[in-house]
Amino acid sequence: MKGLLLFVSLALLLPAQVKRTDVIRSTTPADDAKGLDPAVPDSVAISTRFERVVVIRVKNQAGLLAAIEKHVAEQKIRSAVILSGVGSALSTHYHMVTNRSFPSKNTYLEDPSTSADIISMSGFVIDGKVHCHLTFADTGKAFGGHLEANTRVFTFAILALGVLPDDETLGMKRFDDKTWR
């Protein structure tokens, strides 16, 4: 019995494994193989104004992405800019693009036992979908990427969304479409 208690006690002291998952994000073979379309401009700019600013606070233990998605839906936000965000996390889950040719390869990193400050959040809400990037920092490094579902808040997180007009003429639906090239 003492041996089992010692084993369990030691196991609780070990840090949880960081889960790493690599995912190839294919669209279609034709879309992944196509080159640049000369009809697609090198860059696009739109001019608009914020309709309002929505500030979101997320409490201890809550899922950060789920909270943002909940308030985007409740506030009926179709298009927005993530202006700023800060806080801290007691678990992190994010992904980053890790190759240079199509199809894109995403590496997902999930650490349920890390603690980190949330140094910044930025991104967009496009057609109601949250596309948030964030930077974490611990005592040794800064790290981050695209926010994923299992990032949980420690002390709190606060972010501000600059809500754009719900206007199809903005043309933002294609802004995060990797096939529009």
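I began with Leu161: skipping neighbours within four places in sequence, Leu161 contacts Arg52, Val53, Val54, Ile56, Val72, Ile77, Ala80, Val81, Ile82 and Leu83. I took contact as heavy atoms within 4.5 Å.

Before going on, I noted that this is a predicted model, where local features need pLDDT of at least 70 and side-chain atom pairs count only at pLDDT 80 or more, while totals for chains, interfaces and linings use all residues. Residues are numbered from 1 along each chain as its sequence is written, and side-chain values use heavy atoms, with hydrogens and water left out.

Next I looked up the cores (buried Ala, Val, Leu, Ile, Met, Phe, Trp, Tyr and Cys joined through side-chain atoms within 4.5 Å). Buried means under 20% relative accessible area, exposed over 50%, partly exposed in between (1.4 Å probe, protein chains only). The largest nonpolar core has 29 residues, and Leu161 is among those with the most contacts inside it, as are Leu64 and Phe136. A second, separate core of five residues includes Val81 and Leu170.

Then I checked Leu83, which I found in strand S3 (strands are DSSP E runs of at least two residues, numbered from the N terminus). Leu83 counts as partly exposed because its relative accessibility is 40%.

Last, I turned to Glu148, in the loop between strand S7 (142–147) and strand S8 (152–163). Glu148 is buried without a salt bridge, and Arg25, the nearest side chain of opposite charge, is 5.9 Å away. A salt bridge needs a Lys or Arg side-chain nitrogen within 4 Å of an Asp or Glu carboxyl oxygen; Lys and Arg count as positive, Asp and Glu as negative, with His and the chain ends not counted.

How values were computed:
Helices (H or I, at least four residues) and strands (E, at least two) are DSSP runs, numbered from the N terminus.
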